[in-house]
Amino acid sequence: MVDVSQHNLVPEHSVLDNGGVEAVLEDYGVDRTDLPKITRRDPALPDEAEVGDVIEIRRDSRTADNALVYRLVVDS
Amino acid sequence: MSDQTPKEIGSVSFGLMDPETYREISATKIITADTYDDDGYPIDMGLMDPRLGVIDPGLECRTCGKHSGSCNGHFGHIELAAPVIHVGFAKLMRRLLRGTCRECSRLLLTEEGMDELRSRLVRTQQLGEDPQDVLKAAIRQARKTDRCPYCASEQYEVKHEKPTTYYEVQDVLVGDYPEKMAAAMQPGGSGDEESGDTGATSPQELAEETGIDLSRINEILSGEFRPRPEDRQSIEEALDVDLTEEDMNKLMPSDIRDWFEDVPNEDLEVLGIDAESSRPEWMVLTVLPVPPVTARPSITLDNGQRSEDDLTHKLVDIIRINQRFMENREAGAPQLIIEDLWELLQYHVTTFMDNEISGTPPARHRSGRPLKTLSQRLKGKEGRFRGSLSGKRVNFSARTVISPDPTLSLNEVGVPERVASEMTQTMNVNLQNLEDARRYVSNGPVGHPGANYVQRPDGRRLKVTEKNCEELAEKVQAGWEVNRHLVDGDIVIFNRQPSLHRMSIMAHEVVVMPYHTFRLNTTVCPPYNADFDGDEMNMHALQNEEARAEARVLMRVQEQILSPRFGENIIGAIQDHISGTYLLTHRNPQFNKTQALDLLRATQVDELPAADGENDTGEAYWSGRTLFSELLPEDLDLEFTSSAGDEVIIEDGQLIEGTIDEDAVGAFGGEVVDRVIKTDGSTRARVLINEVAALAMRAIMHFGFSLGIDDESIPGAAEEQIDEAIDNAYDRVEELITTYEADELESLPGRTVDETLEMKIMQTLGKARDSAGDIAEDHFADDNPAVIMAESGARGSLLNLTQMAACVGQQAVRGERINRGYEDRTLSHYEPNDLSAEAHGFVEHSYRGGLDPQEFFFHAMGGREGLVDTAVRTSKSGYLQRRLINALSELETQYDGTVRDTRDTVVQFEFGEDGTSPVQVSSGEENAIDVDAIADRVVEAEFDAEGSEAVAAAARPTNLSERADDRSAGLDLPPAAEAATGGVNDDD
């Protein structure tokens, strides 16, 4: 089986620790549930990700160098 | 109305309505189906009862005392003789029936199950998902339960027969059970054969096996006693027969109402139903609200007859059946008749709500037209939401045919006088504009810059007529309002459908003109996708100062030159403009003074630059490139490759070398236009585009430009060459076919032999056409108009030229050679299974030479595909666009840079993930953002500004009105004003 998360078009997904989550939520003034979602079964997720975790996705961007996106892992 | 203060809506709550509330708000009970009596007066407690509101002007409402227009109408009610199901909730009712106990009405889930659902409901709400999914999951779970966990009663399956009938499916004993049992007990009876037991079963054996008394067994066998369900089961097991059949027990609406009444509130809460506002039994109607007459006005026809609204017709039906139902029941009619009437009442109430239910014949008008009932009023494109609320017809709008006018600026629109004097702008008269206002009024409604209405400070509106205009003009004072005609310089909104992107609606400045069409500059055709073959466009006059200011600053054409789609200019030179600049700059022709001045006369340049030299006769001359350079900003430095293929070099605003064509000044990404708008601003870019267009028109008229059939002719020798090339191709195709028929053709990887042959033939013929084109091309001079247009990018391509002059080439349908028509052949002119080029749509002639009949037919086939494609594409993409807009319409970029929807859920953490506007940033795949250059420019501008702050501030254009710009620019034009236009970089 191909490990999708290693494909060069799949950006880096990492689980944010609690402090990081707090900082992000503080930064944007949102609740955890207001974040964009990612399903638990998404093959790009790291193995340790669980429902309720916040994932940081780091994309390469031609204009912004790095584009950071945060997603909440949800069931289904 | 006007003295009411605006209110803010705090919240809106949707739910079911309690029948008691219906009765409370009802203005009257409706008992007769009649509407008007013989004298034409509405009958009391009839469908047109005056307490339900007024529609006839002059009458007073018996409920609120208001007159028609201000009385909104009042609901009445009909007491239904028997409960009836509301179709809109049929699905939810089915779910509740399946999910609750038939005896105790509790939700068929254990406490743990309910707890889990409760937490799931909270989570769903937090994540903003659909609570309906939770309900569905809960019902799915509850349906699996056979016995109620609370009262232990057995549950049966509920069958829903659309639209409004429900059955309980129960297993009951068949009528002929003794016969069945006897048959099974006979030797060789059912079941025993399989088990290999050939012997018969005696009643004694049966009694032993089932544990039932022998006497009881005998009673059962004789049909005197019906076995109890448990006994039945053991008998079934013992004899291996099925003694049951499915019995459909119809649930009457009254049963369902009783069932739902007992569902506890706590159990509903688990399903996401708020019992406070929506008790499930309210889904069964016992009382029907009657809409006010204002919602179903009757109209009086020319012959004095009254014609009632569809809803009224439907209500008449309901009341009639309702009365018959009651009469029959009181008379003690048989159950069968009562049930029939009940069903009829259900049908009428159902179609009153929705007349497009599948499986139910729609209720029809006497003429056979289906009635338009409640649901049909709301649904669809012409329904209340899409037709009356989201989309309304508007005042102050005009529509007419458009035509071109190259003398207008791209910011302007020519408005016919008739339109200008119909649509008005409100003038608030004060001491400053009193004179103007009086002049407008005294011109009357017919004279052009006139006025149509005036409004006195007391709010009274007076129509200006030709008779009273002089008199009225005297009376106009400060504080009045005057609705004056549109005049030059007013801002209006201009639109062409389909409005596919934001540049389909732009603000233009009015230029009032004679005749009957809207006039626009040809350079704004690309953003509107307009041409002048009969296109019509809409104009909207703006009615308040905020709208006008916003339109001016945000929507004016010059602010829309850059397209957010690809970040480059969408407005620029097109077609003849490009041919014109090409002619002017490609060979760099020379012009004498008269000619040079003539070329530049439509621009703001009123002084010629130094001459480029003298010709043989000693006359001074100016080159085309020099003249073009006059339009460029002083400090422009640019290098790029033109579409004609040569290097264009612009230094210090002088075109040193190269051809100005589509890649330089064209719409859709002309380098010069793009650079100028990004460094010097939209006003400068507007001036540039206007002047390039004007100069180009002068240039193309100077040289003359036409295209005729002779321009595509090639010498006979060349034609022979082309014929030879095509003959060669035919030979190669013939070879391919022989190899194929000899089964010697080798297939390409992943393709069959047939496909390989087709591909190779297509390839060969494609090459043949290309080489024919190459031969033809060699014989066209560089000044051939078709070549000029193709090379400059003005219109057409070399392929078009090839098709006109050399060979039209292979015609294709669905990407393949033409293969359809008769059995095994395309036309009866060919042998069956002929694989040759000409039998499958290869057109070897040119358009100029003329196609032979078969070729013409194949060509029409290929052409038809294109037409069908565009027709299909437009409808498909229109629907796609609608869905996309609906999905994205409420997303909004917040002040913190995030993009969020209306629930404040984050969609993007930074707009476009980089927070930049595609219109403001110029970068492509190959050219990244040149940060250094931008920094240099800003710093330079900063230092320059320090020295000449006063001068720069004075010369900066207002950017608000083209006319204001021109006035200020007229004072001192280039170089000083031009350089200051950009503001950012003046480095002289």
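First, the ground rules. This is a predicted model, where local features need pLDDT of at least 70, side-chain atom pairs count only at pLDDT 80 or more, and totals for chains, interfaces and linings use all residues. Residues are numbered from 1 along each chain as its sequence is written, while chains are lettered from A and ligands numbered from 1 in the order in which they are written.

Let's start with the contact between the chains. Chain A puts in 15 residues, and chain B puts in 15 residues. Contact here is set by C-beta atoms, placed from the backbone, that lie within 7 Å. On the chain A side, strands S3 (54-61) and S4 (65-74) each supply at least two residues. Strands (E, at least two residues) and helices (H or I, at least four) are DSSP runs, numbered from the N terminus. S4(A) gives the most to that side, with 5 residues.

Now to chain B, and strand S8(B), residues 397-404. S8(B) pairs with S17(B), residues 536-541, antiparallel, over 5 bridges. Pairing needs at least two DSSP bridges between two strands. In this pair, B:Ala398 has B:Met539 as its bridge partner. S8(B) also runs parallel to S16(B), residues 518-520, joined by 3 bridges. There, B:Arg519 stands opposite B:Ser403.

Next, an open sheet. Three strands of chain B lie in the order S28-S29-S30, with antiparallel pairing. S28(B) (892-893) and S30(B) (906-908) each have a single partner strand, so each edge strand has one side without a neighbour in the sheet. S28(B) meets S29(B), residues 899-900, over 2 bridges.

Last, the helices. H7(B), residues 203-210, and H9(B), residues 229-239, have axes that come within 10 Å and cross at roughly 120°. Axes are lines fitted to C-alpha atoms, for helices over the stretch in contact, with angles from 0 to 180 degrees between N-to-C directions. Which residues of H7(B) meet H9(B)? They are B:Leu206, B:Glu209 and B:Thr210. Facing them from H9(B) are B:Asp231, B:Ser234, B:Ile235 and B:Ala238. By class, that contact has 3 nonpolar, 2 polar and 2 charged residues.

Terms used:
Contact = placed C-beta atoms within 7 Å. Nonpolar A, V, L, I, M, F, W, Y, C, P; charged D, E, K, R; others polar.
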